[in-house]
Amino acid sequence: MNWLTAHRVAGIAAANLRRRLDLPDDRYVDVFAALRRCGLMVAGQEMPNLFGMYFPAGPNRHGGIFLNSTMGEATIRHTAAHELGHAELGHGRCLAECLDPLSGTAPQQWPDEEKQAEAFAAWFLMPIRAVKATLIRLGLDVPREAMDVYQLSLHLATSYRGTLRHVQHLRMVTPDAARGWAAVQPARLRALLSCQDGQPPARVWDLTGLTEGSYLPVEQGDRLIVRAPWLGDDPEFTGPDGVTMLADPHAVAPGEGVEFDVTGYIDSESMLTVTSRDRKETWSVTLMPTPDDHRGLIASARAQILIGPMSGARR
Ligand SMILES: [Zn+2]
């Protein structure tokens, strides 16, 4: 099976599953909600050399997946969607993932089931409507530079390189441009954007009037740059605990906007609203809950298994 066929099969399977689960296809996709509703057991643990593992249901056991809990959130989400792909496509054997598309085995030589699962992850997490709707919020029709792909990846909570591969597959970016952008380190983009000497924030959002009303899957350590000159000098804000406004912004000049750091956990969907001094102008977004800790949505040292027989899932 070539990649084109794998993408066709996986794209249809991902769209069908999203429809069956009534998940939105125009924004961030909650892969853990999908796993829960599919009745798969999910466990996070430290697994050197492995991203994750899928085991199908057997006569006396639930099907489920293991995820490497030491990875970053975007990688955990991608791996979770990849394993969900194995389950959804009916792949019938235990599979251990130690494949990285950018190293080791050439992608052309991957087994068919791996190609399908990898393509499923991309289509499931990045439906074309979500990609297009997010680009519009970024003021774009297609990505024009590496920074655009980085911002797109933040909004969809996907990895920079996974997002780059997908927009190339969607023919929004030429192979030549994609090759060049693949060499760009997200750390460099973060440093450029934050205008901060030394260690840049873990992730840096570039927000404007166009991104108003967005749902942002933020994480602890994020920097939010809000370019909003209409808010004037010294605007005020309301938001959840765990969000701090910078007294001395780095990337925006006084009167040009504000900056926030996500310094703590956000436990439920919360509005972040900035209001001008005269109270005539506002800008707001909805912040999605942050994971319990850096190890991701699945991770909890005390209760490794979050979803499974105890939750009443079907075998
Ligand atoms: Zn796999």
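Tutor: This is a predicted model. We begin with strand 6 and strand 12 (residues 282–287), which run parallel and are joined by two bridges.

Student: What joins the strands of a sheet in general?

Tutor: Strands pair through backbone hydrogen bonds, in either a parallel or an antiparallel manner.

Student: In what order do the four strands of the open sheet lie?

Tutor: The order is 6-12-11-8, and the pairing is mixed. Strand 6 (215–216) and strand 8 (236–238) are the edge strands, each of which pairs on one side only.

Student: How is empty space located in general?

Tutor: A probe the size of a water molecule is rolled over the atoms, and this shows where empty space is left. In this model, the largest pocket has a volume of about 810 Å³. It is lined by 27 residues, of which W3, H7, R165, Q168 and H169 are the closest to its centre.

Student: Which elements give two or more residues to that lining?

Tutor: They are helix 1 (3–20), helix 4 (112–125), helix 7 (160–169) and helix 8 (175–182). Helix 7 provides the largest share, with seven residues.

Student: What is the make-up of the lining by class?

Tutor: The lining of the largest pocket comprises 14 nonpolar, seven polar and six charged residues.

Terms used:
Residues numbered from 1 in each chain as written. Predicted model: local features only at pLDDT ≥ 70, side-chain atom pairs only at ≥ 80, totals over all residues. Heavy atoms only, no water. 1 Å grid on protein atoms, 1.4 Å probe; cavity = no way out; pocket = protein on both sides within 12 Å on 5 of 7 lines; lining within 4 Å. Points joined across faces, edges and corners; volume = space filled by probe spheres on them. Nonpolar A, V, L, I, M, F, W, Y, C, P; charged D, E, K, R; others polar. Pairing = 2+ DSSP bridges.
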